[in-house]
Amino acid sequence: MIDGIDRIEIDFLPPRANEFERGKWHWRALTKEFRTRLEVELWGQRIYRVSGFVRVDVVVAGRADLDARLKALFDGLQHIGAFADDAQIEVAPIRRLRVKVPWKLRVRWSACQPTDLAEVDQWFA
């Protein structure tokens, strides 16, 4: 049984990692703003915390530079307490919807087993 929420649906996107090129102070301000918005969105809710390996499923609606936004997203999830360290993320499938919906980002996190070499070998067989 999961104790707390294990998913979020938000109508804003995390900042792009490309913003780091404008300076680390600029990047820090953007990521702090994103984390603050997450905290406000989830105010008073209990967050399900994964203690081992983590799977993070991401669905983005609309046009967005997906890979450039993952770092800030994972840092934000760590900040709200979904897991202790984003290094725990073992699997992170990402999907894009090309339809208009009222939300921009859906994320779900859960415990998972570590990926083993045999599984990876099957992917490339």
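A residue is called buried under 20% relative accessible area, exposed over 50% and partly exposed in between (1.4 Å probe, protein chains only). The model is predicted, so local features need pLDDT of at least 70 and side-chain atom pairs count only at pLDDT 80 or more, while totals for chains, interfaces and linings use all residues. Residues are numbered from 1 along each chain as its sequence is written, and side-chain values use heavy atoms, with hydrogens and water left out.

**Exercise 1.** Classify Phe-34 and Phe-12 as buried or exposed.

Solution. Phe-34 has a relative accessible area of 3%, so this residue is buried. Phe-12, with 6%, is buried too.

**Exercise 2.** Find how many aromatic pairs there are, and describe the geometry of the rings of Phe-12 and Phe-34.

Solution. Step one is the rule: rings of Phe, Tyr and Trp (its six-membered ring) pair if their centres lie within 6.5 Å, and planes under 30 degrees apart count as stacked, over 60 as edge-to-face and the rest as tilted. The count by this rule is 1 aromatic pair. Step two is the geometry: the ring centres of Phe-12 and Phe-34 are 5.9 Å apart and the planes stand at 70°, so the pair is edge-to-face. Step three is the location, where helices (H or I, at least four residues) and strands (E, at least two) are DSSP runs numbered from the N terminus. Phe-12 belongs to the loop between strand E1 (7–10) and helix H1 (24–41) and Phe-34 to helix H1, so the pair ties together parts 22 residues apart in sequence.

**Exercise 3.** State how H1 and helix H2 pack.

Solution. Two packed helices are described by the angle between their axes and the distance between the axes. Axes are lines fitted to C-alpha atoms, for helices over the stretch in contact, and angles run from 0 to 180 degrees between N-to-C directions. For H1 and H2 (residues 66–80), the angle is about 50° and the axes are 9 Å apart. H1 is therefore oblique to H2, given that angles under 35 degrees count as roughly parallel, over 145 as roughly antiparallel, 65 to 115 as roughly perpendicular and the rest as oblique.

**Exercise 4.** Which residues does Thr-31 touch, not counting those up to four places away in sequence?

Solution. Contact means heavy atoms within 4.5 Å. Thr-31 is in helix H1 and touches Pro-15 and Ala-72. At 8% relative accessibility, Thr-31 counts as buried.
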